[in-house]
Amino acid sequence: MEASTVVNAECRICSNRDNNRGYIAREMMFGLRHTFSYFECSQCGCLQIATIPRDMGPYYPSGYYSFEPASPPPEPRPSFRNYLMTLRDRFAMSRRGVLGSLLFKMYPRRDNLLPFLVPVRLRTSSRILDVGCGNGQLLLQLRALGFKHVLGVDPFIDRDIHYDSGVTVRKATLFDISGKWDLIMFHHSFEHISEPRETLQHCARLLAPPGCCLLRIPTVSSYAWEHYGTNWVQLDAPRHFFLYSIRALELLSAQAGLKIAEVVYDSSGFQFWASEQYVRDIPLRSEQSFCSGSSTSMFSESDILKFDEQAKALNAMRRGDQAAFYLAKTPAAVQCVERGNPE
Ligand SMILES: [Zn+2]
């Protein structure tokens, strides 16, 4: 890692000011190469942006994510195929059902987030809130599985989205939400939030016991941050305001009256190939990037497979660069699962 200097900045998680180390990180997703100061707390280990840019607009250009309303899955019709796909998806989120297990292996669904719900004790009557959910794809899947009380919020969508199936995504933040919820989840949105403490405290107020808050985030308690430093792709300056260490998350959770009940590592080969590109000054969204098609990339498909294997090994050692953290209001909210990637 490159040389860093000690800076006089107060950690927003633990208030420590001593021996915090400063770094300069560049915007490399789009290759703007604007520079941003970050610092790493010597006490809790949290890496954080020194000053939050006043205008984040240039860093979320159109096409950053698709916020177009998704095509809702067809209303469940009593067809044999739909019945089988429901069995598969129920298995994905519960690990129950022999036939579902077989179908899950035979017909895997790419980018499926349902497996992250395995440790959460849910019923179809559970109230589920998805924060920073874009067009609400996961909520549509849950609705198709019989979950009636689901809601999404995302401040960056153009307007509220109302699907025929009854799913709503509101153009709002968590602080606009009231009522009681059994699961509040953040799939790679929490690291973009500038007030993590207030956010978790509001979650704790909204959670009905036993209550679970699921945070899927990158972590600096990882090989990738230690090895790549400011070229680590998931630092993602300036969009990621906080890159949490395990210690920082423990502190934040305790400040909100929550406890980390389970951690499931799910990092992928992305941490290697994209960080290797940054080392060579290749932006993520550039023609030479692996994202743009393997013919223009410095990496072959077999290189990528090797990176994925290395990521699996890191996950098994709890050293991958991202994980799902299950914060529980009471221990009964979360059931422990076997270690490793839920996919
Ligand atoms: Zn700190």
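Mentor: One cut-off is needed at the start: a residue is buried if its relative accessible area is under 20%, exposed if over 50%, and partly exposed in between. The model is a predicted one. With that cut-off, tryptophan 273 counts as buried because its relative accessibility is 9%. Phenylalanine 270 has 26% and therefore counts as partly exposed. These two residues come back below as a ring pair.

Now the rings. A pair of aromatic rings is described by how far apart the centres are and by the angle of the planes. The structure holds 14 aromatic pairs. One of them joins phenylalanine 36 and tyrosine 59: the ring centres are 5.5 Å apart and the planes stand at 85 degrees, so this pair is edge-to-face. Phenylalanine 36 belongs to strand S3 (residues 35–40), whereas tyrosine 59 sits in the loop between strand S4 (47–49) and helix H1 (80–94), so the pair ties together parts that are 23 residues apart in sequence. Both phenylalanine 36 and tyrosine 59 are buried.

The pair of phenylalanine 270 and tryptophan 273 is also edge-to-face, because its centres are 5.4 Å apart and its planes are at 75 degrees. Here the two partners lie in one helix, H7 (residues 270–279), three residues apart, so about one helical turn separates them.

Elsewhere the rings form a group: Phe186, Phe190, Phe242 and Tyr244 are linked by ring pairs into a cluster. A charged side chain also meets a ring, with arginine 216 lying over the face of phenylalanine 116 at 3.8 Å from the ring centre.

Threonine 5 stands opposite glycine 22 in S2. S2 then pairs with S3 over six bridges, again in the antiparallel sense. Isoleucine 24 has serine 37 of S3 as its bridge partner. In a regular strand, side chains alternate between the two faces of the sheet.

S3 and S4 pair over three bridges, antiparallel as well. Glutamate 40 stands opposite leucine 47 in S4. Six residues lie between S3 and S4, which form a hairpin, and glycine 45 in the turn has a positive phi of about 85 degrees.

Methionine 93 is found in helix H1 and is buried, since its relative accessible area is 10%. Beyond its neighbours within four places in sequence, methionine 93 is in contact with Leu114, Leu117, Val118, Leu122, Leu142, Leu145 and Phe147. Alanine 256 is 163 residues from methionine 93 in sequence and 27 Å away in space, C-alpha to C-alpha.

Glycine 166 is in the loop between strand S7 (161–162) and strand S8 (168–170). With a relative accessible area of 52%, glycine 166 is exposed. Leucine 151 is 15 residues from glycine 166 in sequence, and their C-alpha atoms are 9.5 Å apart.

Last, the chain as a whole. The protein chain has eight helices and 13 strands. Its radius of gyration is 20 Å, close to the 20 Å that the globule rule gives for 343 residues, so the chain is as compact as a globular protein of that length. The C-alpha trace spans about 60 × 50 × 40 Å along its principal axes.

Of the 343 residues, 52% are buried. Among contacts with a separation of 6 or more, 66% are between residues 24 or more positions apart. The chain exposes about 16,200 Å², and carbon and sulfur atoms supply 52% of that area.

Methods. Residues are numbered from 1 along each chain as its sequence is written. This is a predicted model: local features need pLDDT of at least 70, side-chain atom pairs count only at pLDDT 80 or more; totals for chains, interfaces and linings use all residues. Side-chain values use heavy atoms; hydrogens and water are left out. Rings of Phe, Tyr and Trp (its six-membered ring) pair if their centres lie within 6.5 Å; planes under 30 degrees apart count as stacked, over 60 as edge-to-face and the rest as tilted. Helices (H or I, at least four residues) and strands (E, at least two) are DSSP runs, numbered from the N terminus. Buried means under 20% relative accessible area, exposed over 50%, partly exposed in between (1.4 Å probe, protein chains only). A charge sits over a ring if NZ of Lys or CZ of Arg is within 6 Å of the ring centre and within 35 degrees of the ring normal. Two strands pair if DSSP finds at least two bridges between them. The radius of gyration is taken over C-alpha atoms; the globule rule is 2.2 Å times the number of residues to the power 0.38. Contact means heavy atoms within 4.5 Å. Accessible areas come from the Shrake-Rupley method with a 1.4 Å probe; for residues, only the protein chains shown count as cover.
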